[in-house]
Structure formats: C-alpha cells, structure tokens
Amino acid sequence: MQDEQHVEGRLGLAHLALQQERHAEAVRQSQQAISTAETGTHKAYWSPLIAYTNLGLAHYEQQEYEAAHKAFEKAVEAKPNHAIAHYHLGLVAFAQRDLPGAEEHYRRTLTINPDDFHARSNLAVAVLHQGRAAECAELLEPLMVTHPDDVTNLTNYGSALLVLQRFSEALPVFEHLVEL
C-alpha cells in the first residue's frame with residue numbers, strides 16, 4: 001500500500017474511533033499514521049494538524065493531559081495560527097489547573113477568531129477562578145445577549161456579579177436560570 005493511502009486511512013480510522021469514543025484505538029491509529037508519515041516517502045500527503053489534533057483529543061478524553069498537551073503543541077507547531085489548536089491547549093491547561101496557561105491559550109484563540117463563543121466562555125471561567133470577577137462579568141456580558149439561555153454562562157455571570165456584590169443585577173440572572 002502507498003504511504004499516503006496508509007496515512008490517510010489511519011487518520012480516518014482515528015477520527016472514526018474518536019467519534020465512537022474508542023479513545024485508546026484513536027491514539028493507536030493516530031500514532032501509526034504519524035509514524036508512517038514521518039518515516040514514509042510521501043510526506044506531503046498527510047496533515048500534521050489533523051493527526052496531532054486527533055491524537056491530542058484521544059489523550060484528553062482519557063485524561064492523559066501531558067500526552068494531550070504534547071500532541072496539541074505539535075498541532076500548533078504545524079499551524080501556529082489555528083484557533084482550534086490553541087483552544088485545545090487551553091482545555092488541557094484548565095484540566096491541569098494551569099489557569100494562567102488556559103487564559104493564555106483562550107486569549108490566543110480569540111485573537112485568531114474573536115467570535116469563538118466557547119473560547120470566550122472558557123476564558124471567563126479561567127479569569128473567574130483567578131479571582132478576577134469583574135473581568136469575568138465583562139467577558140460574559142456580550143454572551144448574555146447572543147446566548148441568553150446558556151446555563152453555564154448564566155451561572156458564571158451570576159456568580160461573578162455576586163462576588164462583585166452587584167446583587168440587583170445578579171437577581172434576574174438567577175431568576176432566568178431557574179426558569180430554564
């Protein structure tokens with residue numbers, strides 16, 4: 001079989017394994033694809049971004065955060081301005097309780113893609129956990145308009161308002177939350 005077909009096949013199998021929540025299989029297929037691509041003769045046919053993202057996601061879902069971090073770093077190395085690769089590094093950093101690291105990667109994601117709802121939401125949580133409730137509220141205010149029924153954002157926004165002792169503003173947020 002041609003190297004490029006082998007690599008593409010392995011990447012496809014890794015993606016399917018991820019979709020089926022067979023994470024160990026996704027790791028195995030991704031690693032085989034990467035190994036073949038790095039040692040094969042047809043290196044131009046593979047996407048390191050896809051391969052390392054699949055590998056990182058599989059490790060992340062197995063709570064293998066160091067391995068996930070390494071894989072997502074390789075994805076960023078392959079495509080430095082890829083918002084999703086930075087977003088995934090933010091998820092890993094947050095899972096490892098590296099709040100400044102999570103903040104850094106969520107901010108980088110938003111620099112590349114300013115409308116990324118999830119990056120903004122997760123950035124707000126990261127800054128809230130670092131004791132910066134005012135910044136959290138500021139980040140979430142636009143999302144209260146664009147995503148008024150998002151339970152996570154309502155909870156975090158209301159919590160930030162409580163920390164800031166803005167009780168009259170927090171009340172309708174929590175009232176709306178319990179109506180959902």
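This is a predicted model: local features need pLDDT of at least 70, side-chain atom pairs count only at pLDDT 80 or more; totals for chains, interfaces and linings use all residues.
**Entry 1. Leu140 and its surroundings**

Setting aside neighbours within four places in sequence, I found Leu140 in contact with Ser121, Ala124, Asn153, Asn156 and Tyr157. I then looked up the core to which Leu140 belongs. Leu140 is one of the residues that touch the most other members of the largest nonpolar core, which has 26 residues. As general background, nonpolar side chains in soluble globular proteins tend to be buried together.

**Entry 2. Asn156**

I located Asn156 in helix α9. Is Asn156 buried or exposed? Its relative accessible area is 14%, and the cut-off for buried is under 20%, so Asn156 counts as buried. Leaving aside neighbours within four places in sequence, I listed Val125, Leu128, Cys136 and Leu140 as the contacts of Asn156.

**Entry 3. The chain as a whole**

I turned to the overall composition. I counted 10 helices and 0 strands in the protein chain. Read along the sequence, the pattern is α-α-α-α-α-α-α-α-α-α. The C-alpha trace spans about 65 × 30 × 25 Å along its principal axes. Of the 180 residues, 43% count as buried. I also checked the contacts with a separation of 6 or more: residues 24 or more positions apart account for 46% of them.

**Entry 4. α5 against α7**

I examined how α5 and α7 pack. Their axes come within 11 Å and cross at roughly 30 degrees. Angles under 35 degrees count as roughly parallel, and α5 and α7 are therefore roughly parallel to each other. I recorded the crossing of α5 past α7 as left-handed. Which residues meet here? From α5 I listed Tyr87, Leu91 and Phe94, and from α7 His118, Ala119, Asn122, Val125, Ala126 and His129. Sorted by class, this contact has 6 nonpolar, 3 polar and no charged residues.

**Entry 5. α3 against α5**

I then looked at α5 from the side of α3. The axes of α3 and α5 lie 11 Å apart, and the two helices pack at an angle of about 20 degrees. By the cut-off of under 35 degrees, α3 and α5 are therefore roughly parallel to each other. The crossing of α3 past α5 is left-handed. In α3 I found Leu49, Thr53, Leu57 and Tyr60, which meet Ala85, His88, Leu91, Val92 and Ala95 in α5. I divided the residues of this contact into 7 nonpolar, 2 polar and no charged. Leu91 is listed in the contact with α3 and is listed also in the contact with α7.

**Entry 6. Leu89 in α5**

I next selected Leu89, which is found in helix α5. Leu89 is buried, with a relative accessible area of 1%. Apart from neighbours within four places in sequence, I recorded its contacts as His69, Phe72, Glu73, Val76 and His105. How many residues separate Leu89 and Phe72 in sequence? The two are 17 residues apart in sequence and, C-alpha to C-alpha, 6.1 Å apart in space.

Finally, I checked backbone angles. Most residues other than glycine have a negative phi. I noted that Gln63 has a positive phi of about 60 degrees although it is not a glycine. Gln63 is found in the loop between α3 (48-61) and α4 (65-78). Gln63 counts as exposed, at 58% relative accessibility. For Gln165 I also recorded a positive phi, near 60 degrees, in a residue other than glycine. Where does Gln165 lie? I located Gln165 in the loop between α9 and α10. At 59% relative accessibility, Gln165 counts as exposed.

Methods
Residues are numbered from 1 along each chain as its sequence is written. Side-chain values use heavy atoms; hydrogens and water are left out. A nonpolar core is a set of buried Ala, Val, Leu, Ile, Met, Phe, Trp, Tyr and Cys residues joined through side-chain atoms within 4.5 Å. Buried means under 20% relative accessible area, exposed over 50%, partly exposed in between (1.4 Å probe, protein chains only). Contact means heavy atoms within 4.5 Å. Helices (H or I, at least four residues) and strands (E, at least two) are DSSP runs, numbered from the N terminus. Axes are lines fitted to C-alpha atoms, for helices over the stretch in contact, and angles run from 0 to 180 degrees between N-to-C directions. Angles under 35 degrees count as roughly parallel, over 145 as roughly antiparallel, 65 to 115 as roughly perpendicular and the rest as oblique. A crossing is left-handed if the near helix is turned anticlockwise from the far one by less than a right angle, and right-handed if clockwise. Ala, Val, Leu, Ile, Met, Phe, Trp, Tyr, Cys and Pro count as nonpolar, Asp, Glu, Lys and Arg as charged, and the others, Gly among them, as polar.
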